[in-house]
Amino acid sequence: MGTGRGGRRSAEGVGIVPAYIASLAKTGAQFTVEEGETILDAAERAGILLAYSCRSGTCRSCLTRVLSGCAEHDPEYVSELNIDADELAANYRLLCSALACSDVTLEK
Amino acid sequence: MVKVLPASRSSHVDVRVENASRYLKRCYVVERQLMRTVAAKFVDTSQWDFKRQLANDMWQASRHADALRTRILELRYPRRDVDKKPDPALMALVAECAKGTAHAEFIGGVYGVLLPELVRAYQGYLSATDPLDDAPSIYIVRHIVADLEMQIERMRALADEVSPGLFERTAAWQGYLRQCCAAVGGISGLDERAPAPADHPLAGRPTYEIGRSVMRDERWRPVLFHLPHENKYDVEGRKAWQRIEALDKRVAMQVWSAISHFNEIWAAEVVAASMWDFDDQPWDFYLDLARWAWDETRHSTMGYRALQGWGWDVPDLIPWGNALYNALGPMPPIQRLALLYYYEDSLLRAGTKQIEIKILESAQDDGSVQDMDFDWADEAIHVSYGYTWLRHLLGDSNAGKEELTRLTDDAREIIARFVAEHKDDPQAKLAPYFERLHDVIASMLHDIPDDALNVQWAPVAADEEALKA
């Protein structure tokens, strides 16, 4: 379950689908990230312009440091992403392929 | 004595997996080496129409080589050998083609001799192999033949249009190359071999070397830069551009994006030169760079098409610079590639393409929106190529990353020095272009509803910091 602040009813009408709040440190903008939604898709849905290009984790245009909270790359495609181990260790993520697992603050 | 059934059918003589793969390997070697050679000659060729066609055909050669290579490996050809041990005589044949002067002899030699010889070799293969047993090869080879026949037809038509008599004028060179081809037994190597034309008057030229500086098509006046953000010293050029911006930021973006696209040819030249300069890289390196160089040429053509679409005399009105390639020319090839990657990566990370598309949408310029959108998709592939291959070349380590940063910083400084050294050069002045362009643009404007576009845009001057020096 998420924080309860941004949850929504599931399609089946049972339970609450988790949602997290993503915050951009430089602009102060905030938006909700639904479960299974990439952070980039969530920003777009909220009308927030983030730089991206390939949407597949290969061009690195959306590479961003996560300042706090948890964001992980979609495990199904993680082996295809152009990101180094040391970048991962430094909490960088490719927003087009990253899912929130808690509220997050991004270096944007 | 033993007992057997009669043969179920009469088989073509000598077509077995082993010699099929050997035959196709010869074609692969020629396509691959031709691809690299055409890439280099693309850099050397200033004539715009030929240059575009060479880029297209170079990319198609990369697709042919890739399809052949895949098939050769299916035919039990050892993976460790597929990119090695090319027939030296075939390599020498393509190297001889490269010695033809750009653009006439080279085009005459390739499209008058080498490609027709390749077609003949492929047709020989199609007529010899079995349509059922070797169906995957036949599918590939038939498509390659169709491509090559189209390439020859288009280049001949282009020559008739822009350089009438090119093939007739280069008949001696073509005759020499035909003798070279006969001396290796044709591309297939199965023809009777003629003596090498060692005493031919055109034999014995020095080994081809790619040019380190480029010229633009002689229809354009020589100019170093193409837009004001490249040269901070050109104050008058910047003022003249600001008059265009004052017409409307949408108008400025329409013109900016077209001029910028048109001048992307320098990026194609950097990548194509890398295909020649690096001669021992994995096959995928060449496949990716061939696509990259062709894409950048397409982008340049997009810009040219847009500028022509407004009915403008493009050579007269539009600056087509060569400073970026020429300033980079003396650098090691990896440094040129590093700088190009830096520029493209910076552009995408800044979200510049996204913003430009929004402004073009606001201008209701569907053609420019479409061009920019496809350009953006291509550029995302290119930064992935750059990231992948620079890591390969420099090492996937912190030391490699540091070296990439050092190469890029040095290259930016070299560009900044080049700009400073040419600050008083008349060819660095863009005001004469933009003053005339302003009047042409102003006479064409029409009204559309104001959508209150509120987007801030600034060109990504990737070397801005270095330019401050």
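The largest share of the lining of the largest pocket, six residues, is contributed by α15(B). Helices (H or I, at least four residues) and strands (E, at least two) are DSSP runs, numbered from the N terminus. The structure is a predicted model, in which local features need pLDDT of at least 70 and side-chain atom pairs count only at pLDDT 80 or more, while totals for chains, interfaces and linings use all residues. Residues are numbered from 1 along each chain as its sequence is written, chains are lettered from A and ligands numbered from 1 in the order in which they are written, and side-chain values use heavy atoms, with hydrogens and water left out.

The volume of the largest pocket is about 560 Å³. Its lining consists of 25 residues, and those closest to the centre are R60(A), Y341(B), K401(B), L404(B) and T405(B). Two or more lining residues come from each of α2 (85-89) of chain A and α15 (333-349), α17 (366-394) and α18 (398-421) of chain B. By class, 10 residues of this lining are nonpolar, six are polar and nine are charged. In this classification Ala, Val, Leu, Ile, Met, Phe, Trp, Tyr, Cys and Pro count as nonpolar, Asp, Glu, Lys and Arg as charged, and the others, Gly among them, as polar.

Rolling a probe the size of a water molecule over the atoms shows where empty space is left. Here a 1 Å grid over the protein atoms alone is used: a cavity is a set of points where a 1.4 Å probe fits but cannot get out, a pocket is an open set with protein on both sides within 12 Å along at least five of seven lines, and lining residues have an atom within 4 Å of a point. Grid points are joined across faces, edges and corners, and a volume is the space filled by probe spheres set on the points.

The second largest pocket has about 450 Å³ of space. It is lined by 17 residues, with V251(B), Q254(B), A363(B), L445(B) and H446(B) nearest the centre. Helix α10 (residues 249-262) of chain B supplies the largest share of this lining, four residues. The lining of the second largest pocket comprises 11 nonpolar, two polar and four charged residues.

Chain A contains two helices and nine strands, arranged along the sequence as β-β-β-β-α-β-β-α-β-β-β. Of its 108 residues, 46% are buried, where buried means under 20% relative accessible area, exposed over 50%, and partly exposed in between (1.4 Å probe, protein chains only).

Five strands of chain A form an open sheet of mixed pairing in the order β4-β3-β9-β5-β7; two strands pair if DSSP finds at least two bridges between them. The edges are taken by β4 (30-34) and β7 (92-94) of chain A, each of which has a single partner strand, so one side of each is left without a neighbour in the sheet. From one strand to the next the twist averages 40 degrees, with axes as lines fitted to C-alpha atoms (for helices over the stretch in contact) and angles running from 0 to 180 degrees between N-to-C directions.

Within chain A, strand β3 (residues 19-24) and β4(A) are antiparallel and joined by five bridges, with A19(A) opposite E34(A) in β4(A). S68(A) has T105(A) in β9(A) as its bridge partner.

R55(A), in the loop between α1 (39-45) and β5 of chain A, has a positive phi of about 65 degrees although it is not a glycine. With a relative accessibility of 35%, R55(A) counts as partly exposed.

In chain B, the loop between α16 (352-362) and α17 holds Q364(B), a residue other than glycine with a positive phi near 55 degrees. The 29 residues of α17(B) should span 42 Å at 1.5 Å a residue, which agrees with the 41 Å between its end C-alpha atoms; the expected span is 1.5 Å times one less than the number of residues. After α17(B) comes G395(B), with a positive phi near 100 degrees.

E96(B) belongs to helix α4 (residues 88-98) of chain B and counts as buried at 11% relative accessibility. The C-alpha atoms of E96(B) and L177(B) are 7.5 Å apart in space, although 81 residues separate the two in sequence. A cis peptide bond, with omega about -5 degrees, joins A102(B) to H103(B), and H103(B) is in the loop between α4 and α5 (104-128) of chain B.
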